[in-house]
Amino acid sequence: MSKRRGERPPVPEPLPAPVVDAHTHLDACGAKTPQDVREVLDRANAAGVDRVVTVADDLDSARWAAEAATWDERVFAAVALHPTRTSDFGDDVRAELTRLAGLPRVVAIGETGLDYYWDYAPRDAQHEAFRWHVDLAKRVRKPLMIHDRDAHDDVLAVLDSEGAPDEVVFHCFSGDLAFARACVERGFVLSFAGTATFRNAHALREAARWVPGDQLLVETDAPFLTPHPFRGRPNEPYCAAYTLRDIATLREEDPADLATMITRTAERIFGLRDLAES
């Protein structure tokens, strides 16, 4: 059993329509080189996951993600400083993130937000950095990708007070139905990871069942949060296919229809179709 827990889940049969993994960490999955990235994306494509957004959590990761997005046309990037890393958020870091944010294949500012679960960064530092990222997203006219852990009310308060960008994605949405309603009413998009497939996540699954289809994305957050029934094993972008099928069953929708809707939403939010045609 211990050996199995260290192995990736099997690659599932292809989805009936392709879907985008809206949030993954290719570098944390072990990808370092262009060949590594191709291999991860080839496995994803075999399951019907045709594109990914690889997301940074520190400055080195942001540089890597922006470069990796130029190695393979199936890869796009998001850059930001994770809230747990905001204790040291000086002018040099802000300048470099601003530069990276302007690159064409960087399609979002994230992940940024508030994390009250860990105590790696003081809350006042997190709030200052979050507000700066909100402003950056508006300056470069790119969507804001939210990390929200145990901080629902404060995240909404910051977005309300600062004025949210046109597009906001709650990565790995973790709220209940009431919080989902509050986000959807503001026009935000909710991205569901493998946690939404966990059978004991009743409140989260209720939210995933309810959210309007055009405000719904799926993601892996790989290598973390592997979906049921492979919880605890290493995650990769191809596992978004498991999550999509599970959510389709939960919502009593056809997987092809749900995948098509999610793909349209990802293309709209991240501008993926425009990049493909440029």
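Who meets whom? On the α7 side we have Leu177, Ala180, Arg181 and Val184, and on the α8 side Ala203, Glu206, Ala207 and Trp210. Sort those contact residues and you get six nonpolar, no polar and two charged. For that sorting, Ala, Val, Leu, Ile, Met, Phe, Trp, Tyr, Cys and Pro are nonpolar, Asp, Glu, Lys and Arg are charged, and the others, Gly among them, are polar.

Quick housekeeping before I go on. This is a predicted model, where local features need pLDDT of at least 70 and side-chain atom pairs count only at pLDDT 80 or more, while totals for chains, interfaces and linings use all residues. Residues are numbered from 1 along each chain as its sequence is written, and side-chain values use heavy atoms, with hydrogens and water left out. Helices (H or I, at least four residues) and strands (E, at least two) are DSSP runs numbered from the N terminus.

Back to α7, residues 177-185. Its buried residues are Leu177, Phe179, Ala180, Ala182, Cys183 and Val184. Buried means under 20% relative accessible area, exposed means over 50%, and partly exposed is in between, with a 1.4 Å probe and protein chains only. Those buried residues pack against β5 (144-149), α6 (152-162), β6 (168-170), β7 (189-192) and α8 (202-210); contact here is heavy atoms within 4.5 Å. Look at the two ends as well. At the start, a side-chain oxygen of aspartate 176 reaches to within 3.3 Å of the backbone nitrogen of alanine 178. Just after the helix, glycine 187 takes a positive phi of about 85°.

Now the core. As a rule, nonpolar side chains in soluble globular proteins tend to be buried together. Here the largest nonpolar core has 98 residues, and the ones with the most contacts inside it are Leu159, Phe170, Phe173, Phe192 and Phe270. A core in this sense is a set of buried Ala, Val, Leu, Ile, Met, Phe, Trp, Tyr and Cys residues joined through side-chain atoms within 4.5 Å. What does phenylalanine 173 touch, leaving out residues up to four places away in sequence? Its list is Phe179, Ala180, Cys183, Leu190, Ser191, Phe192, Leu204 and Ala207.

Over to another helix, α3, residues 59-68. It is largely enclosed by the rest of the structure, because seven of its ten residues are buried. Those are Leu59, Ser61, Ala62, Trp64, Ala65, Ala66 and Ala68. The cover over them includes α2 (34-46), β2 (49-55), β3 (75-79), α4 (91-101) and β4 (106-115). The N-terminal end is capped by aspartate 58, with a side-chain oxygen 3.3 Å from the backbone nitrogen of aspartate 60.

Next, the loop between β8 (216-218) and α9 (240-251), which holds aspartate 221. Is aspartate 221 buried or exposed? It's buried, at a relative accessible area of 9%. Beyond its neighbours within four places in sequence, aspartate 221 is in contact with His23, Thr24, His25 and His171. Its side chain makes a polar contact with the side chain of histidine 25, at 3.0 Å. A polar contact is a pair of N or O atoms within 3.5 Å; within protein, one must be able to donate a hydrogen and the other to accept it, and residues adjacent in sequence count only if both atoms are side-chain atoms.

Most residues other than glycine have a negative phi, and most peptide bonds are trans. In the β8–α9 loop, which includes proline 223 and proline 229, we get two cis bonds: alanine 222 to proline 223, omega near 15°, and histidine 228 to proline 229, omega near 10°. Then there's arginine 141, not a glycine, yet with a positive phi of about 55°. Arginine 141 counts as exposed, at 78% relative accessibility. Aspartate 150, in the loop between β5 and α6, also has a positive phi, near 60°. Aspartate 150 is exposed too, with a relative accessible area of 53%.
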